[in-house]
Amino acid sequence: LEKPPAKVLDVGCGIGGTSRYLASKLGSESHVTGITLSPNQVKRATTLAKERGLDNTQFKVMDSLDMKFEDNTFDMVWACESGEHIP
């Protein structure tokens, strides 16, 4: 990449492992939003990101088949190991 994407969506983020990795590697100029169906996963992901000092992440409970984001909200969408769980 010439420059890191400003806004990244991690679909099916679970407890945020990939979100944290992306936030760390892309740096503070990027913001990573992770979505998952589980409120418990959102809570754990948020805790883990805070413990690692990653303030460029946020996690939301949201269905990937019914996302509430406007079109073109994100510069990059990542879906690692979640596609097989989406009908």
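Let's start with Glu51. Its relative accessible area is 57%, so Glu51 is exposed; the cut-off for that label is over 50%. Keep in mind that this is a predicted model.

What does the Glu51 side chain meet? It meets the side chain of Arg52, in a salt bridge. The N to O distance there is 3.7 Å. The cut-off is 4 Å, so this pair counts. Arg52 comes in at 48% relative accessibility, which makes it partly exposed.

How many salt bridges does a search of the whole structure find? It finds 2.

On to the other pair, Lys68 and Asp66. They form a salt bridge, with the closest N and O atoms 2.9 Å apart. Lys68 has a relative accessible area of 59%, so it is exposed. Asp66 sits at 41% relative accessibility and counts as partly exposed.

Go back to Glu51, which takes part in the salt bridge with Arg52. Helix α2 covers residues 39-51. That helix belongs to a β-α-β unit, together with β2 and β3. Which hand does the unit have? It is right-handed.

Next, the two strands. β2 is residues 31-36, and β3 is residues 57-61. They run parallel, and 5 bridges join them. Which residue in β3 is the bridge partner of Ile35? That is Lys60.

To recap: parallel strands β2 and β3, helix α2 in a right-handed unit with them, and 2 salt bridges in the whole structure.

Note on methods:
Residues are numbered from 1 along each chain as its sequence is written. This is a predicted model: local features need pLDDT of at least 70, side-chain atom pairs count only at pLDDT 80 or more; totals for chains, interfaces and linings use all residues. Side-chain values use heavy atoms; hydrogens and water are left out. Two strands pair if DSSP finds at least two bridges between them. Helices (H or I, at least four residues) and strands (E, at least two) are DSSP runs, numbered from the N terminus. A crossover is right-handed if, with the strands pointing away from the viewer, the path from the first strand over the helix to the second runs clockwise. Buried means under 20% relative accessible area, exposed over 50%, partly exposed in between (1.4 Å probe, protein chains only).
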